[in-house]
Amino acid sequence: MRKLPSPYNGIVVVDKPEGITSHDVVDFARRLYGTRRAGHTGTLDPGATGVLVLCLGTATRIAQYLSSSRKHYRTSVTFGIQTDTQDASGEIVARKDATAVTADGVGALLDAFRGEILQVPPMHSALHRDGQRLYELARQGITVEREARPVTIYDAALTGFAGGVEPVAEIEVTCSTGTYIRTFASDLGDAAGTGAIMSALRRTWVGEEPASALRLEDAWTLD
């Protein structure tokens, strides 16, 4: 990898690929730009892709403001399956025939998820408890109580649906920082009475409004 001249100060929008962590992308940027001053403004899980905003050099001072911006996602929600991670990466803990779930039914359920709602953070998350991240405790088979936290779903729109025993809904979500789309999918499945997981996730923009947001079409691949 060719190292670029330093110093670099500014923002880089990356299209994070599947299979690596957000921290891996930050490490890549540090090596590429020859700086230790680099960080991201909102974690994407290894299985998720899309907009990851990096701040370099003096721009790290504004990272907290970008972190608090709205996020927009395209997600696939598969009904009839439950896993210990609330997404496709986990171990299946329950299965149920979800043939009765329809597009109209999912559309109606989404009404209850718009606005300010309460979410219980998943055990497989990076939140800290007594000096350890929750996912580290989860890997040890330890489950701890988590308080529900308020988050805001500014919009949730059904954009596609494929029926069957394990139907899949394509949903676009605009939400506040701190929102777990995995938990959104799991809670939606609970509301449907079948359980559900987040089977795919792509972040498409970060910002307060779509017109001024940092968008996927502005992002660079790692290549």
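This is a predicted model: local features need pLDDT of at least 70, side-chain atom pairs count only at pLDDT 80 or more; totals for chains, interfaces and linings use all residues.
Visitor: How many residues does helix α5 hold, and what should they span?

Guide: Helix α5 has 12 residues, 181–192, and at 1.5 Å a residue these should span 16 Å. After the helix comes G193, whose phi is positive, near 85 degrees.

Visitor: Which residues of α5 are buried, and what covers them?

Guide: The buried residues are I181, R182, T183, F184, A185, S186, L188 and G189. Their cover includes the helix α3 (103–110) and several strands, among them β4 (70–79), β10 (149–162) and β12 (196–207).

Visitor: What describes two packed helices?

Guide: Two packed helices are described by the angle between their axes and the distance between the axes. Here α3 and α5 pack at an angle of about 115 degrees, with axes 10 Å apart. Helix α3 is therefore roughly perpendicular to α5, and the crossing is right-handed.

Visitor: Which residues meet where α3 and α5 are in contact?

Guide: From α3, the residues V106, L109 and L110 meet F184, L188, A191 and A192 of α5. By class, this contact has seven nonpolar residues, with no polar and no charged ones.

Visitor: Is V206 buried or exposed?

Guide: A residue counts as buried under 20% relative accessible area. V206, in strand β12, has a value of 3%, so V206 is buried. Beyond its neighbours within four places in sequence, V206 contacts residues including V51, V53, L66 and L214. Its C-alpha atom is separated by 9.3 Å from that of Y73, 133 residues apart along the chain.

How values were computed. Residues are numbered from 1 along each chain as its sequence is written. Side-chain values use heavy atoms; hydrogens and water are left out. Helices (H or I, at least four residues) and strands (E, at least two) are DSSP runs, numbered from the N terminus. The expected span of a helix is 1.5 Å times one less than its number of residues. Buried means under 20% relative accessible area, exposed over 50%, partly exposed in between (1.4 Å probe, protein chains only). Contact means heavy atoms within 4.5 Å. Axes are lines fitted to C-alpha atoms, for helices over the stretch in contact, and angles run from 0 to 180 degrees between N-to-C directions. Angles under 35 degrees count as roughly parallel, over 145 as roughly antiparallel, 65 to 115 as roughly perpendicular and the rest as oblique. A crossing is left-handed if the near helix is turned anticlockwise from the far one by less than a right angle, and right-handed if clockwise. Ala, Val, Leu, Ile, Met, Phe, Trp, Tyr, Cys and Pro count as nonpolar, Asp, Glu, Lys and Arg as charged, and the others, Gly among them, as polar.
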